[in-house]
Amino acid sequence: MTSQAADEPETVAASRRSKITPEREREFFDAVLEQIRECGYESVTMEGVAASTRCSKSTLYRQWKTKPQFVAAALRANRRVRFAGIDTGTLAEDLREAARAAGDWSKKDARLMQALGHAVTADHELAQALREALVLPEIAALQEILARGVQRGEVAADHPALEFVPVMMFGVLRVRPVLSGQYADADYLVRFVEATVLPALGLDQGPGRRSRDD
């Protein structure tokens, strides 16, 4: 067998992979993530995603090899930073805006994280992809918000509560559905920030505070 013939299968496979357009790839990713939200990770199959997107399962397997690799790729492609661009001029209002932003996507992302709960404990790549897509970018953006507050002199750089703000913000998103069966919407999260996060940082709630009678 010549070296050209030996190389042909890999060349053909690469050619086939290149035929998937970014739009088609997004369709595959959206389909698998939505099926995970609806049915849970364990119930989702490559065959089911192929059927829902009207492609052959071999197309998916050629591109991603296994379900964990496919889901990890979908998570990374779905990475968005919802807290990016928040800069109102005060730390208290920035945190309120972060709460509103989190409330807008909490149901969708919380359902996804819950559905992946057991799978990510067993698959390191999947766990890392989940952190890279849904957790680390938001923590980085939140830390930038806090850093600006420190630079403006609103809170001391060594304030002991600073390191716990991301834990509080992400913790309530995960825990409220468990405790009450309800997702943390924007109104709930703003009240949470005003009742717990701002006092923990020693911040005046200021004019942005919403009365419970409103």
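F70 has a relative accessible area of 0% and is buried (under 20% relative accessible area is buried, over 50% exposed, and in between partly exposed, with a 1.4 Å probe and protein chains only). The model is predicted, so local features need pLDDT of at least 70 and side-chain atom pairs pLDDT 80 or more, while totals for chains, interfaces and linings use all residues. Residues are numbered from 1 along each chain as its sequence is written, and side-chain values use heavy atoms, leaving out hydrogens and water.

**Exercise 1.** Work out how F28 and W64 are arranged as an aromatic pair.

*Solution.* 
- Step 1: Begin with the whole structure, where a search finds 5 aromatic pairs (rings of Phe, Tyr and Trp, the last by its six-membered ring, with centres within 6.5 Å; planes under 30 degrees apart are stacked, over 60 edge-to-face, the rest tilted).
- Step 2: The ring centres of F28 and W64 are 6.2 Å apart and the planes stand at 90°, so this pair is edge-to-face.
- Step 3: Now place the partners: F28 is in helix α2 and W64 in helix α4 (residues 57–64), 36 residues apart (helices are DSSP runs of H or I with at least four residues, numbered from the N terminus).
- Step 4: Check burial: F28 is buried at 1% relative accessibility, and W64 is buried at 7%.

**Exercise 2.** Find what F29 and F70 form together, and which parts of the chain they tie.

*Solution.* 
- Step 1: F29 and F70 make a tilted aromatic pair, with 6.2 Å from centre to centre and 40° between the planes.
- Step 2: F29 belongs to helix α2 and F70 to helix α5 (residues 67–77), so the pair ties together parts 41 residues apart in sequence.
- Step 3: F29, at 3% relative accessibility, is buried.

**Exercise 3.** Which rings have the charges of K67 and R82 over them?

*Solution.* 
- Step 1: K67 lies over the face of Y41, 4.1 Å from the ring centre (NZ of Lys or CZ of Arg within 6 Å of the ring centre and within 35 degrees of the ring normal).
- Step 2: For R82, the charged end sits over the ring of W105, at 5.0 Å from its centre.

**Exercise 4.** Is Q35 buried or exposed, and what is it in contact with?

*Solution.* 
- Step 1: Locate Q35 in helix α2 (residues 22–39).
- Step 2: With 19% relative accessibility, Q35 counts as buried.
- Step 3: Apart from neighbours within four places in sequence, Q35 is in contact with G40, V44, G48, V49 and S52 (heavy atoms within 4.5 Å).

Terms used:
Helices (H or I, at least four residues) and strands (E, at least two) are DSSP runs, numbered from the N terminus.
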